[in-house]
Amino acid sequence: MTKQPFVVLMAEDNEHDILATRRAWKKCNIANPLHIVQNGEECLDYLHHRGKYSEPGAAPRPGILLLDIKMPRMDGLAVLKHIRKDEGLRRLPVVILTTSKDEEDRVRSYDLGANAYIMKPIGFQNFSEAVRTINLFWELVELPEWTNGLK
């Protein structure tokens, strides 16, 4: 039985990291659609279908969120806190994907309910391999029913 691809939402403000992610997605032939938002407020707008994401189909429900910590307007930890308090979102798998080496960020991420904390590897080859590995892991994981298929 083949799983349906699920949407991957990435909250990332660094244009270089966005381009690297798109390149890695293509290089690794990842079938899951990738949607990118550039700050914490935009991430919550996407998840709640607000503003530019209010039109039907503009913001398909993600199966996983790749979340940077250091973002403008609202940081990733504030977004994670909001997600875990929201009845409709709290089961959304969240992977912190960040450059932060701060132990406090790592501890706080897990305290707030992050499913994983991954430091962004340096260099495209290493980053691409990390993206491939993250994808492979989440392909094997059994996600909640609402993530199966694109909605």
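Helices here are DSSP runs of H or I with at least four residues, and strands are E runs of at least two, numbered from the N terminus. The model is predicted, so local features need pLDDT of at least 70 and side-chain atom pairs count only at pLDDT 80 or more, while totals for chains, interfaces and linings use all residues. Residues are numbered from 1 along each chain as its sequence is written, and side-chain values use heavy atoms, leaving out hydrogens and water.

Let's look along helix 5 itself. Its buried residues are F127, S128, A130, V131, I134, N135 and W138. They lie on the same side of helix 5 because they cover an arc of only 160° around the axis, taken from the directions from the helix axis to the C-beta atoms. The face turned away from that buried side carries Q125 and L140, which are exposed (over 50% relative accessible area).

Now turn to the partner helix. Helix 1 and helix 5 pack at an angle of about 65°, and their axes are 9 Å apart; axes are lines fitted to C-alpha atoms over the stretch in contact, with angles from 0 to 180 degrees between N-to-C directions. D17, A20, T21, R23, A24, W25 and K27 of helix 1 meet F124, Q125, F127, S128 and V131 of helix 5, contact meaning heavy atoms within 4.5 Å.

T21 is buried, with a relative accessible area of 1%. Leaving aside residues up to four places away in sequence, T21 touches M10, L34 and F127.

Methods: Buried means under 20% relative accessible area, exposed over 50%, partly exposed in between (1.4 Å probe, protein chains only).
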